[in-house]
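Please look through the structure shown here, beginning with the whole chain and then turning to a few of its residues.

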Amino acid sequence: MKDKDLRKRVPYHIQRDVLDELGVDQVAEKSDFKISAKEKFREAVRFKSCFLSFVPLLTWLPRYPFRENAIGDLISGISVGIMHLPQGMAYALLAAVPPVFGLYSSFYPILIYFIFGTSKHISVGTYAVMSVMIGSVTERLAPDSDFMIPGNDTNSTSLDIVSRDAERVKIAATVTFLSGIFQLLLGLVRFGFVVTYLSEPLVRAYTTAAAIHVIVSQLKYSFGINPQRYSGPLSLIYIIIATVVSWQMDLKTEYGVEVVGKIPSGLQAPVAPAVSLLGSMVGDAFALAVVGYGIAISLGRIFALKYAYKVDSNQELIALGLSNSIGGLFNCFAISCSMSRSMVQVSTGGKSQVAGAISALVILVILLKIGELFEELPKAVLAAIIYVNLQGMMKQFGDIRSLWRTNKVDMVVWVMTLILTVLFNPDMGLAASIAFSILTVVFRTQLPKYSILGQVPGTDIYKPVEDYNQEIPGIMIFHSSATLYFANAEMYIDALYEKTGVDVAKLLSHKKKLEAKRLRKEKKAAKKAKKEAKKRAKEAVKAAEEPKFSDTDESGEEAEANGDVHKLSVKEPKDVGAVEVGPDPDTDTTLPQAIILDLSPVNFLDTVGVKTLRNIYKDYGEAGVQVYFCGCQRGVVESMENGDFFNEKVTKSILFSSVHDAVLYCQQGNSEEVQYILMSYTHTRISEVS
């Protein structure tokens with residue numbers, strides 16, 4: 001059969017009653033079954049499944065395909081291990097600690113991730129962004145000025161590098177330990193979705209801004225200068241200014257070439273974190289935890305999608321948390337995963353976490369045996385290595401052009417993230433960037449697209465009338481593209497009035513004015529009638545006191561004969577209820593028979609949202625317009641129930657599962673059976689047609 005025939009529209013018929021929410025509950029035989037708290041607890045504490053999920057190594061290692069993967073993992077592990085050597089020492093410079101601690105950070109955390117991680121292809125270890133964030137903490141809490149000692153001359157001072165580096169190592173290890181604790185806690189409470197607040201444009205812009213910080217921080221090693229260190233907001237600008245002034249004023253000083261320095265053989269014993277410093281680095285540690293996890297899980301999901309396996313986001317938090325918290329005890333600084341190393345690991349044949357373990361063994365050999373060979377390596381070489389590894393990040397400036405074409409809001413988020421991170425440093429810049437990103441979401445939910453829906457003829461499909469121009473006489477179907485909550489509730493009502501052409505507030509206000517005017521006229525007329533009645537009564541009494549003699553009346557009877565006085569005929573006042581008042585030109589419109597609110601995009605209702613719907617139903621009802629709701633999700637219905645929306649007069653009979661049910665109900669009432677034909681693209685009857 002040809003593709004054209006496959007795409008042929010196949011008519012099908014559905015015959016059923018028009019169902020409101022109560023009818024759906026009856027037909028579907030709604031179940032009240034719920035899992036008991038006891039069963040949930042049993043499921044949560046099943047030791048075997050819980051332990052295996054907590055230690056993934058025990059699940060995949062016994063089934064490791066040795067023949068298929070061993071060679072590739074071996075070659076990949078050695079290749080990545082060689083990359084760890086220069087990157088670890090180079091990124092230690094970014095963290096403002098001696099280079100050897102970069103090698104420690106390329107060993108302990110990798111072994112921990114090998115046991116607890118779920119991604120087969122990412123290469124965890126030192127990472128430029130994390131290192132520069134660590135560096136901002138160490139330089140802030142242990143600046144050079146705190147370690148100046150008097151020289152031989154009375155006016156000279158020198159820097160105590162040994163004491164400074166020891167303090168900075170302690171700070172870096174402590175903030176790393178605390179960030180790992182944060183990651184562990186987030187993972188244990190199943191808070192892996194926190195990374196959703198780090199959108200791709202935000203992450204890419206943030207890493208680009210961090211790369212700028214990295215480049216500026218390495219200029220001193222590249223050009224052999226030693227400008228004064230600054231930390232905090234605008235520190236990047238102060239570094240730049242000091243360098244330019246030094247160059248322009250030709251302030252030249254002889255500097256020796258800095259080298260890596262002593263690389264001690266062997267491993268260090270664990271050291272407890274400096275508890276006294278924890279309070280001063282809580283914000284920095286949380287930022288490290290979120291950024292490190294966000295980068296790792298983003299890259300991990302890319303490889304998992306490509307190679308068809310699953311990465312557990314919560315377990316990744318636990319794995320990174322253990323890597324950082326345990327690594328912090330061994331004087332490591334915070335780690336994440338590197339794109340460049342991960343690409344090398346994949347391209348050289350790595351197929352499992354075994355490649356990471358082998359790379360850690362390579363670093364172990366370097367630490368135990370050949371570390372001293374790299375003691376004379378100039379730091380300028382490490383700076384050059386950093387520049388090379390930042391090429392990919394700097395290419396991300398091309399995102400601005402692509403985002404301008406696809407989504408301008410994301411482009412604004414990208415640019416603002418770059419600016420905020422460059423100006424405020426990585427830690428404060430991250431918080432400001434996330435706040436700005438969330439603010440754009442709030443603005444977008446506050447300014448959704450509102451429309452009136454019309455029916456596509458012969459179908460149950462409803463589209464905006466501005467696109468298809470198929471309004472339903474007497475029925476207004478109002479649709480919003482976003483949820484309804486406190487931030488846009490007022491705008492929702494304003495848009496409803498505008499789109500339906502019925503401003504209920506003005507209508508009711510005009511109605512009250514008419515009622516007040518009617519009451520005033522009634523009161524005035526009653527007062528006037530009472531006054532006239534008194535006047536006529538006085539005239540009647542006066543006429544009775546002055547007897548008059550007259551001939552007999554037409555009936556031949558004399559008025560005086562029976563002693564009766566003439567009865568007074570008092571005119572009754574006009575019916576004040578029938579007083580006509582001119583229409584208000586602002587509200588003079590033909591009211592629709594019914595208004596249907598399509599709530600299918602609404603995924604939650606807060607108290608303001610429930611109150612808004614209640615007021616809409618009440619106000620339109622007072623104006624004589626029936627309001628119905630359709631497409632309500634379960635949570636929305638529950639919010640309406642909890643918000644006392646329903647009562648004896650207002651029941652779930654005003655709720656409908658679909659727009660079409662509500663329209664049919666409005667057009668034909670609650671008939672016993674309504675038949676309608678749906679035209680749709682479907683392949684369920686292709687065989688019958690062919």
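The paragraphs below move from the overall fold to a surface patch and then to the cysteines.

This is a predicted model, in which local features need pLDDT of at least 70 and side-chain atom pairs count only at pLDDT 80 or more, while totals for chains, interfaces and linings use all residues. Residues are numbered from 1 along each chain as its sequence is written, and side-chain values use heavy atoms, with hydrogens and water left out.

The protein has 28 helices and 12 strands, which are DSSP runs numbered from the N terminus (helices are H or I with at least four residues, strands are E with at least two). Of its 690 residues, 43% are buried, where buried means under 20% relative accessible area, exposed means over 50%, and partly exposed lies in between (1.4 Å probe, protein chains only).

On the surface, Leu188, Val189, Phe191, Phe193, Tyr197 and Ile438 form a nonpolar patch. Phenylalanine 193, one of these residues, lies in the loop between α10 (161-188) and α11 (200-217), and this residue counts as partly exposed because its relative accessibility is 43%.

What does a search for disulfides find across the whole structure? The search finds 0 disulfides, a disulfide being taken as a pair of cysteine sulfur atoms within 2.5 Å. Cysteine 630 is in no disulfide, and the nearest cysteine sulfur, that of cysteine 632, is 7.1 Å away. Cysteine 630 counts as buried because its relative accessibility is 0%, and cysteine 332 is buried too, with a relative accessible area of 1%.

Definitions and conventions:
Patches are made of residues with over 30% relative accessible area and no salt bridge: like charges are joined within 9 Å, nonpolar side chains (Val, Leu, Ile, Met, Phe, Trp, Tyr) within 5 Å. Accessible areas come from the Shrake-Rupley method with a 1.4 Å probe; for residues, only the protein chains shown count as cover. A salt bridge is a side-chain nitrogen of Lys or Arg within 4 Å of a carboxyl oxygen of Asp or Glu.
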